[in-house]
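Welcome! Here is a short briefing to read alongside the sequence and the 3D view.

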Amino acid sequence: MDPQALGLLGGGGIVGSLRYERPAYIYGHLLKDCTAGAFAFFNSAGRTSAYRCHFGRYSQIGEGSVLGPPEHPMDWFSSHPFAFTRPRYMPKIYQFEEFARLGPEEQPGPSYVETVPSETYIGHEAYIGAGTFVKRGVRIGDGAVIGARSVVTKDVPAYAMVVGAPARVLRMRFADRLVERFLALEWWKYDLAPFKRDVDFREVEPTLAFFEEKLALGELKPLQPRTYKLRQTPHGMQAEQLAAPLYFAELQGA
C-alpha cells in the first residue's frame, strides 16, 4: 500500500485506525483512532501524539504536541491501568501473563474509559502551536489559534486566540462582525480552487466578501474529497475507500 497514492503524506505512526479526507499531511506522527479532514496539516519537524482526536479541514498542528491523551482515575485505589482497563483497550499489555493475572477481565457494564470524555475535537482551520497539550474531551473551535506550549484544559471558542498554562483567551482573531461572517460562510465546506486567481488571501474583508457573493449566487460547489480508512491488522495496514466524506456529506448531492 502506497499512502501517498491514497492522498496521505506519511502515516507510519497510525495505531488502530485513521479515517481521513484526501489530502492529509500526517507525516510520521502517532495518531491513535483519529479522523482528519481534507488538507489537515501536521508539521513534520517533531513527533506529535493524538488519541481519539477529530481534526477539521485545514487544521494545522505544530510539532511536539500531545492531544487528547487518555485520562486515569485520580480518586480510585490506584490510577494504574491494572485497576480500570479491559483487554479490548490494551490488548498488547494483556499479552504479559503477569498483567493478565492482575488486570480486569472482560465484563458487562461500562468501564472507567466509557464513563469519561474520550473524544477530542479540533475545529476547521484551527491552528495548534508547537508543544501544545490539549486535554481529552476538549473542543477547539473553528478558526481558533492556540499559542505554542499552551496547556488547554477547557473548550476554546471559534476564532479565539489562547495562550498560557492553563490557556486563556488573549483576544479574538478578528472583530466580532468578521467572526460572525466567517462562521456563516463556513468556507471550508466548499471547493475554493476555481477562484484562487480571483482573490488575494492576504486581504481579509475583500476575500470574505468575494466568497459570500459566490455563495449567494450558488457558484461555490461543495468540496468532495475522496475519503479513506486505514486500519492496522496483524497482516499490516489495510486501506478502504469510504462512501462519503467525514464532513458535510449532506452537501455532496448539491
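Please keep in mind that the model is predicted.

**Around Thr-85**
- Thr-85 sits in the loop between strand S9 (66-67) and helix H1 (97-102).
- Leaving out residues up to four places away in sequence, Thr-85 touches Met-90, Tyr-94, Phe-99 and Pro-104.

- In soluble globular proteins, nonpolar side chains tend to be buried together.
- The largest nonpolar core here has 31 residues, and the members that touch the most others are Leu-8, Leu-18, Tyr-20, Phe-55, Leu-67, Ile-140 and Val-156.
- Two or more residues of this core come from each of these elements: strand S2 (14-21), strand S3 (24-27), strand S4 (30-36), strand S7 (53-55), strand S16 (160-164) and strand S18 (227-233).
- A second, separate core holds 22 residues, including Ala-38, Phe-195, Leu-220 and Leu-251.
- Which residues does Leu-67 contact, leaving aside its neighbours within four places in sequence? They are Thr-48, Ser-49, Ala-50, Tyr-51, Cys-53, Phe-55, Ile-61, Ile-128, Thr-132 and Val-134.

**Aromatic rings**
- The structure holds 19 aromatic pairs.
- One of the pairs joins Phe-39 and Tyr-58 in a stacked arrangement, with 5.0 Å centre to centre and 10 degrees between the planes.
- This pair links distant parts of the chain, 19 residues apart: Phe-39 lies in the loop between S4 and strand S5 (41-42), and Tyr-58 lies in the loop between S7 and strand S8 (60-61).
- Phe-39 is partly exposed, at 32% relative accessible area.
- Trp-76 and Phe-84 make an edge-to-face pair, with 6.4 Å centre to centre and 85 degrees between the planes.
- Phe-84 counts as buried because its 4% is under 20%.
- Phe-39 and Tyr-58 also belong to one aromatic cluster together with Trp-187 and Trp-188.
- Arg-139 lies over the face of Tyr-121, at 4.0 Å from the ring centre.

**Cis peptide bonds**
- The peptide bond from Arg-22 to Pro-23 is cis, with omega near -5 degrees, and Pro-23 is found in the loop between S2 and S3.
- The bond from Ala-165 to Pro-166 is cis too, with omega near 0 degrees. Pro-166 belongs to the loop between S16 and strand S17 (167-172).

**Positive phi angles**
- Arg-52 is not a glycine, yet it has a positive phi of about 50 degrees. Arg-52 is placed in the loop between strand S6 (49-51) and S7, and it is partly exposed, with a relative accessible area of 28%.
- Arg-149 has a positive phi of about 65 degrees, although it is not a glycine either. Look for Arg-149 in the loop between strand S14 (145-146) and strand S15 (151-152).
- Why does Arg-149 count as exposed? Its relative accessible area is 67%, so it lies over the 50% cut-off.

Conventions: Residues are numbered from 1 along each chain as its sequence is written. This is a predicted model: local features need pLDDT of at least 70, side-chain atom pairs count only at pLDDT 80 or more; totals for chains, interfaces and linings use all residues. Side-chain values use heavy atoms; hydrogens and water are left out. A nonpolar core is a set of buried Ala, Val, Leu, Ile, Met, Phe, Trp, Tyr and Cys residues joined through side-chain atoms within 4.5 Å. Buried means under 20% relative accessible area, exposed over 50%, partly exposed in between (1.4 Å probe, protein chains only). Helices (H or I, at least four residues) and strands (E, at least two) are DSSP runs, numbered from the N terminus. Contact means heavy atoms within 4.5 Å. Rings of Phe, Tyr and Trp (its six-membered ring) pair if their centres lie within 6.5 Å; planes under 30 degrees apart count as stacked, over 60 as edge-to-face and the rest as tilted. A charge sits over a ring if NZ of Lys or CZ of Arg is within 6 Å of the ring centre and within 35 degrees of the ring normal.
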